[in-house]
Amino acid sequence: MKRLWLPLLLLTLLAAPAWADVAADHYNRGNKLFSDGQYAEALAAYQAALDSGADDAAVYLNFGNAAFRLNEVGLAIWAYEMGLRIEPRNEDLRFNLRYAGAFMRDEMPPADEVFILRVGRALAGHFTADEALAGAAAGWLLCGLAVLLWGPWRRFRWRVIALGVLGALLLAFFAPIAAANVHRQAVLDRAVVVADEVVVRTGPAETAKEAFTVHGGMRLELIETRDDYARVRIPTGFEGWLPTETYRALRRDTD
Amino acid sequence: MWIRTGSLILIILLALTTAASAARDQVRLELEVQPRSVLVGDSVEISIVVEGDRKAQPQLEGAEAFRIVGTQSGSSVRIINGVISISNTFTYTAVAQRAGTATLTATLKQRGRTLRSEPVSVLVAQAGQAPATPPPSGSVSVPTDAQGRAKPMFMRAILSADKPYVGEQLTVEYRVYIREGVRPRNFSLNEVPEFTGFVAHELITSNRLNFEGVTIDDTPYRAATVKRYALFPVAPGEASIGSLGMQMSVARTSRGRGWDPFEDFFDLSQGRTVQTASQPVSVTVLPLPAAGRPADWREGVGTYKVSAQLDRGETAVGEPVELKIVVEGYGNVDSIPRPQLALDEAIRVYSEKAKPEVVAGYDLVSSKKTFEIILIAAKPGEYEIPAIRVPFWDPKEKGYRVATTAPLRFTATGEAEAAQPQAPGVLSREAIELRGRDLRYIRGDKQSLRPAHKPWSARPAVWIILGLWPLLVLGVTIHQIRVGRLRADRRSWRSRRALREAKQRLTEARALLAKPEAARFYAELHRAVLGFIADKLDTAAPGFSPDELAARLDEAGVSDETIGNLRDLWREADHVRFAGQAADQKRRKDAYGRARDLLADLARELER
């Protein structure tokens, strides 16, 4: 087994650029097709890049643009949301999401009325879960380090205090953001309607009574899945069942 | 400088005055009443807002059913986009005195003409009044206990109908019944009813229980309404109405004192708390008849009227016109979809907003749904929006009816717009602002892409490290505190460290066993033993003569044999170190062994 270790490592190192090349090839081919106005083919190429293991904001941006050019507003919104998951401060993605959102047929409910919640949501939206977690972890480690150094570094007391204050500030700022973003990423099952129009029913069957209709781009919270149907909640709080093929989850398998 | 500032203030004042005089021509009168359904004796707040005339004194018409008990007024000035609006608000607090529907209107006389606000209807119900559809009194029977005696207190859910149609309002009234001779004190609800298969709205109910005398099965009772709900069935079939539970503190009245049947129940003259709850009820919901159903009917059930208006009669091509449709009446307004619009192909529908308002009255739920639709004409021309139809099933008439508006017209002027092939059919208001802009362009080619990877939060190692960190900090801190405390007690600190340091020196001496430096070897042995004694006795090592040392050790309780061994080792070390006596490896090994035994003996005896 020990003898196999080195060849396996080498094989992995050699294979990594190989898949990377495949994904990048699909992506670059998609760009060429997009420039030629072949949006459907470009969309397929970007999808192939994603299927090859890429999880890059550039792929999602270009995917969204191709989908939007094909009037697939829901698919475009899904792609921009996926991209912002990786690069939340990407201005191109933010603008395109707002732009595509303006073409939605369903009106999203207004943002939180409470000022502090609105500010909190805006702040959380500027960081990925990993960034916020790293900031909170750094604050956590600095606080502990300050405690550790308090005894031996008594001569540098003010420096240790400064270290502790910096750690506490980092922790106080990033911990709530990390909690919110990790919860959103790891606990909440979110999705976006990608079909143009979907009838949401009162049960997981075609024969169930129609509850309401949603359109492409509507954000969903997945509650449970049964066969080919999922029980979802829309931002206004209404719940119902819709076919799983009509939405795309806002997460990768690795998330 | 002063002149310039003064001129600036003058210009601003002039601008304000001009704007104010311009705004004065547009006087607006609004009337608002909250709440719009009350019981006799309850109070309402009536607000009249006059905008554009600071000196106006509006009048209130149709308020005969109310007694005005308080008046307030205030004014405010707003400047929006350079336009000044002055508004005066007159607020009246009024108490409802007569049951019925009062229609209030605010009026204002200005320059020989009378302005009138939109009328507002207020429903005033008599407290304790029976519902519109009186409950069948025969349906209430007296429950009995295990001994067959009539229960002194019980609760019932009384329905206005037992077979409602889908969407038709069904009223359920929860009433509590108490035998004569029992005095209720206070109550609290502890079980909220669940309604399966209904959309429910709570109807207004007085906060206090207004009891009235009733006779059930020849037994005199007092009954009061506790809660009332308007229920709208959502689908045909069986639907259930849950139970309402309450706790009531009761006592006997003077009339009831000595009344035997209650003795076991209300055996305390000070009263007691009693729990009661209604029984769940099932109803059969009927489907709406298909006969006579208009083709464009969707879900409307109730009694409605519809009105529509455009915010302007003339617009430019590409500029928005707002169409406001208001559907109001009695029923579940949520079920009313946006009326279908037969629009010209050149008119695009942009944003649609639906704002439902539901006001629960004493018997009925009055509701209003406002649809705000932004229309944009892509070509110039005269456009007509045909009559807007709202078909609904009228439960009173038991038939379908259609509410309609008059056709609306507007004119669009200017050049025809170029088509937007990528735009979906319906855009939002923000899309109007974004028109003329486009998506940010795609990113360029890349050599490599970011691979999908597990986020940190999904890696257990991250959480383990973050979780262990405080434990590590705590452990190290506890150790530091302990060391600090030991150092503070110097004698104890030296004593604890003595053996460890002596062993360390012995180890260094051992390393010199095989080397020719005999003097250094004996010096290390000497330092190890003397250092140990100095640490244990908390004194300076070099300050002892052999006799002094022997005396100190004797005082500390060390045996004469051990002191003798120490003297022998000391002497041997001095001979080698200072007299140049030879010491081969064997002799040094022997000395090393004796030093080790000596340290063990000293440690044991000094500890003792």
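Start by selecting helix α4 (residues 490-511) and helix α8 (residues 585-607) of chain B: their axes come within 11 Å and cross at roughly 175 degrees. Axes here are lines fitted to C-alpha atoms, for helices over the stretch in contact, with angles from 0 to 180 degrees between N-to-C directions. Because of that crossing, α4(B) is roughly antiparallel to α8(B) (angles over 145 degrees count as such). Helices are DSSP runs of H or I with at least four residues, strands are runs of E with at least two, and both are numbered from the N terminus.

A word on what you are viewing: this is a predicted model, where local features need pLDDT of at least 70 and side-chain atom pairs count only at pLDDT 80 or more, while totals for chains, interfaces and linings use all residues. Residues are numbered from 1 along each chain as its sequence is written, and chains are lettered from A in the order in which they are written.

Now show the side chains where the two helices meet. Leu499(B) and Leu506(B) are among the residues of α4(B) there, and α8(B) brings residues including Tyr592(B) and Leu599(B). Residues are in contact if their C-beta atoms, placed from the backbone, lie within 7 Å.

Next, pick Glu238(B) in strand β17 (residues 237-241) of chain B. Is Glu238(B) buried or exposed? Glu238(B) is exposed, with 11 other C-beta atoms within 10 Å (12 or fewer is exposed, 20 or more buried, in between partly exposed). Leaving aside residues up to four places away in sequence, Glu238(B) touches Ser282(B) and Thr284(B).

Finally, colour by chain: 38 residues of chain B are in contact with 47 residues of chain A. On chain B's side, the largest share, eight residues, comes from α3(B).

Terms used: Angles under 35 degrees count as roughly parallel, over 145 as roughly antiparallel, 65 to 115 as roughly perpendicular and the rest as oblique.
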